[in-house]
Each structure stands twice: as structure tokens, then as C-alpha cells.
Amino acid sequence: MNRALTLRERRIGKRLAARGDAELFTRLIELCGAIAGGAFRLESLYAVGGEGAVYLTRDLRDPSAPIRVSKVALAPWHTPHQLSSALIAQRRQVLVDEEALLRTCGSPFLPQSFGLWTFRNPHLESARGGEFTRGEPCLVLEKLPGHDLDVWLCRVHRGRIDRDVLRPHLDRLAVGLLQAMVDLHNRGFLYADLRPGNLRVVGRPKRRVRVLDAGGCVAADGSSDRFPHVPSYLPPQSFTAMQQGRRVNSTAALEAAMAGRTLYEVATGQAPKAGAAVDMMRLLRSPVSPPVAEIIAALAAGDHPHCASALAALAGRAKRRVAPKS
């Protein structure tokens with residue numbers, strides 16, 4: 001390390017240390033400064049998830065270009081005895097699949113991809129052969145402007161903002177989220193990991209919701225067996241089925257119910273509880289307009305077979321329509 005940790009990096013370090021992963025944090029910080037493909041330099045650690053680490057990244061070919069982000073597959077770099085070629089290949093394949101999805105999907109609600117690039121990973125011993133000899137891939141992406149939706153919701157719901165001021169913003173978010181899901185579905189994808197932590201609120205001039213993590217996308221035709229999700233946003237019957245060991249596939253109806261539970265959090269500022277129905281009385285008392293509250297309630301109850309029908313119903317009832325923009 002030849003620089004001081006940023007405030008964000010210190011917060012990430014504290015979270016990882018609380019989980020017993022302080023040494024992993026050190027290994028992730030040591031990747032800062034790596035140059036991928038001679039074009040992109042990993043500047044600082046930005047976020048750490050379950051499957052990957054995200055770095056703020058600078059395009060060395062164009063000093064005036066906006067800062068990017070790079071996703072690197074997460075592996076136990078701090079415990080080399082747990083590493084294997086199969087494990088590393090499995091983790092890296094997630095990035096390969098995500099890059100292919102972004103390249104073929106083309107949705108304006110997903111971040112723009114700048115491709116896969118590789119750099120030398122100092123934590124791998126090339127003498128072990130196989131994946132250990134290959135360059136470490138990183139997926140370079142557009143850094144979405146705005147705020148993470150979960151953070152934004154915490155601020156506005158605890159900020160004592162007047163309901164009349166807050167209402168149009170929450171209504172617009174509800175419409176924007178449904179528009180994003182409909183756009184992805186029209187392109188052949190469902191979003192299986194639908195929750196505020198995976199969404200970004202973009203301000204003016206576009207005022208839209210965008211999806212942060214394309215890794216949550218699965219094929220709408222049911223050909224994929226992947227179903228990344230957080231239990232709290234599953235409808236109760238699906239949560240119970242999974243608890244009993246039964247297989248649950250992502251479908252348009254299931255996505256619509258997850259959208260309802262996500263929008264419940266948008267409306268109320270309270271995350272839904274795993275395995276429990278949402279609190280309808282709390283929803284009806286929330287700052288959103290009555291038509292939006294009714295659509296959210298219907299979605300969460302499983303009354304809509306897909307998000308498109310909810311969006312159509314909302315458009316038909318809303319006094320002011322928010323037209324989708326590409």
C-alpha cells in the first residue's frame with residue numbers, strides 16, 4: 001500500500017473484519033493499482049458482495065473519461081489451501097456470463113459494459129497450473145450515477161419529508177421499477193434478485209431506476225437453473241417451498257410478486273419479513289398515491305401474472321402517466 005485508505009474502504013474493512021474476513025480485505029486492497037489489459041487501472045475498492053469485489057477504475061487511454069467500475073470474481077485469496085482450479089474457474093465464469101448477457105441484452109436499464117480485461121493476480125501461484133496461470137478477468141462497467149435505492153429510501157423515510165413532497169418521487173420510482181422489469185422481460189430476461197440493494201436511483205434529467213447487478217438476470221424461458229435471491233423478497237409460499245427443500249424456479253409471476261415486496265419497501269421504508277405477507281395497513285398509510293398503493297398490494301399478493309399487467313393497470317389509473325424512455 002502506498003496510499004491511505006479511502007473512507008469507503010475503511011467502512012468496507014470494518015464490515016469484513018466483523019465477519020472475520022480482515023485478511024481477505026487486505027488481499028483485496030492489494031489488488032488496487034493493477035492494470036487490466038494495459039487500459040484500465042483499479043484505483044480503489046468500492047464494494048464487496050457475495051460473489052465479487054468492485055473497484056473504481058480509470059481508463060488510462062482517455063484521461064477525460066468518467067470513472068468506471070470493475071468487477072473481480074471473489075475467491076478466498078487469503079487462504080490459498082482452499083483455492084482450486086475448479087473453484088477459480090467457477091467464480092470467473094460468472095463474470096464471463098454477465099459480460100455476455102450485457103452484450104446481448106442491450107437494455108438501457110442495465111449498466112453499459114466495456115468488456116472483459118485481464119491482469120496478473122499476485123495472490124495466485126502460477127506453479128499450481130490450470131486456472132492459476134491465467135490472467136485475472138475483470139468486467140469493466142459504467143459507473144451508474146445517483147444513489148443506491150436502499151440508501152436513498154433510508155434517507156427520505158427518516159428525513160421527515162412532507163408526504164405531499166415525497167409522494168410524486170415514490171410514485172415515479174414505482175413506475176420506473178416496473179418499466180425496468182418490463183423492458184428486461186421484452187428482451188428475454190427476468191430479474192431474479194429484485195430488491196432495493198440492487199437498484200440505483202438516477203436523478204435528472206432521466207429520473208429512472210436502473211439495475212446495478214446484471215448477475216441477477218436469468219432467462220425468461222426457464223432454461224436457466226440459477227435463481228439468485230434474498231429470502232425476504234420472495235412471496236411467502238415460495239419461501240416456504242424453499243425451506244422445505246422444494247425447487248422454485250424464477251417466473252414472470254414470481255418476479256411480479258418480488259416487485260410488489262420491493263415496492264412495499266419503497267412505499268413504507270420497511271423491508272418485508274421473510275415468509276410473511278406485507279403489512280397492508282402500513283402500505284395504505286404510506287406516502288404513495290392510492291392507485292400506486294393498490295397496485296403494490298396486488299403485486300405482493302400475487303394477483304398479477306407479470307409486471308407488464310401491473311404497469312398497464314397503473315398507467316390506466318394514474319392521473320399523470322410516466323412514459324417509458326430508452
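Rings of Phe, Tyr and Trp (the six-membered ring of the latter) are taken to pair if their centres lie within 6.5 Å, planes under 30 degrees apart being counted as stacked, those over 60 as edge-to-face and the rest as tilted. The structure is a predicted model, in which local features need pLDDT of at least 70 and side-chain atom pairs count only at pLDDT 80 or more, whereas totals for chains, interfaces and linings use all residues. Residues are numbered from 1 along each chain as its sequence is written, and side-chain values use heavy atoms, with hydrogens and water left out.

A search of the whole structure finds one aromatic pair. The ring centres of Phe-40 and Trp-117 lie 5.1 Å apart with the planes at 70 degrees, so the pair is edge-to-face. Because Phe-40 belongs to strand E2 and Trp-117 to strand E5 (residues 113-119), the pair ties together parts that are 77 residues apart in sequence; strands here are DSSP runs of E with at least two residues, and helices runs of H or I with at least four, numbered from the N terminus. Phe-40 is buried, with a relative accessible area of 1%, whereas Trp-117 is partly exposed at 22% (buried means under 20% relative accessible area, exposed over 50% and partly exposed in between, with a 1.4 Å probe and protein chains only).

A further ring contact involves Tyr-46, over whose ring the charged end of Arg-8 sits, 3.9 Å from the ring centre; this description requires NZ of Lys or CZ of Arg to be within 6 Å of the ring centre and within 35 degrees of the ring normal.
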